[in-house]
Amino acid sequence: MEKDRDKIGLALGRIPSGCSILTVEHAGRSSGLLVSWVQQAAFEPPSITVCVKRGRPIAQLIDAAQRFLLNVIGEDPAAMFRQFGRGFSLDEDAFHGLPTKPTEYGPMLVRQRSEGTQGCIAWLGCRVTQKIAVGDHD
């Protein structure tokens, strides 16, 4: 299997998923993270899977809040990738310079009309129903 690792990685990379910005707020603290492994998991009830690398600071907020907002990125993701790609400590302002709107699930990234397709095109308020450890992600 080790000799096929690169081939397996290429095959896995071809499975469609899409990138989104996961945001969460709990007890006055908030953060956001670019997530690239998002998939529909069920129709009834409507369910998705989201993978977060274990050890990311945002995981503490997700565990405490047991909910998050999935901000679905539009056709021009470059600005969102630059803003959220590296991740943040819980003491950093993940939303500096971005218009947001508070929701019960986490900060909503408000689409900036003057910037065309930049920003988010949809939002999903999500409740955590299960957490499964798989490899280096939950």
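Are Phe-84 and Phe-88 buried or exposed? Both Phe-84 and Phe-88 are buried. Please keep in mind that this is a predicted model.

**Aromatic contacts**

- Phe-84 and Phe-88 make an edge-to-face pair, with 6.0 Å between ring centres and 75 degrees between the planes.
- Phe-84 also pairs with Phe-95, and here the planes meet at 55 degrees with the centres 5.9 Å apart, so this pair is tilted.
- Taken together, Phe-84, Phe-88 and Phe-95 make up one aromatic cluster.

- Asp-91 and Arg-29 are joined by a salt bridge whose closest N and O atoms are 2.9 Å apart.
- Arg-29 belongs to strand β2 (residues 29–35) and Asp-91 to the loop between α3 (78–84) and β6 (100–101), so the bridge connects parts 62 residues apart in sequence.
- The two partners fall into separate accessibility classes: Asp-91 is exposed at 70% relative accessibility, whereas Arg-29 is partly exposed at 36%.

**A salt-bridge network**

- Arg-54 bridges to Asp-138, with 3.0 Å between the closest N and O atoms.
- Since Arg-54 lies in the loop between β4 (47–50) and α2 (58–65) and Asp-138 in the segment after β8 (120–127), this contact ties together parts that are 84 residues apart in sequence.
- Both ends are partly exposed, Arg-54 with a relative accessible area of 40% and Asp-138 with 22%.
- Lys-131 and Asp-63 form another salt bridge, at 3.0 Å from N to O.
- That bridge links distant parts of the chain, with Lys-131 in the segment after β8 and Asp-63 in helix α2, 68 residues apart.
- Lys-131 is partly exposed at 47% relative accessibility, and Asp-63 is partly exposed at 37%.
- Through salt bridges that share partners, Arg-54, Asp-63, Lys-131 and Asp-138 are joined into one network.

Definitions and conventions. Residues are numbered from 1 along each chain as its sequence is written. This is a predicted model: local features need pLDDT of at least 70, side-chain atom pairs count only at pLDDT 80 or more; totals for chains, interfaces and linings use all residues. Side-chain values use heavy atoms; hydrogens and water are left out. A salt bridge is a side-chain nitrogen of Lys or Arg within 4 Å of a carboxyl oxygen of Asp or Glu. Helices (H or I, at least four residues) and strands (E, at least two) are DSSP runs, numbered from the N terminus. Buried means under 20% relative accessible area, exposed over 50%, partly exposed in between (1.4 Å probe, protein chains only). Rings of Phe, Tyr and Trp (its six-membered ring) pair if their centres lie within 6.5 Å; planes under 30 degrees apart count as stacked, over 60 as edge-to-face and the rest as tilted.
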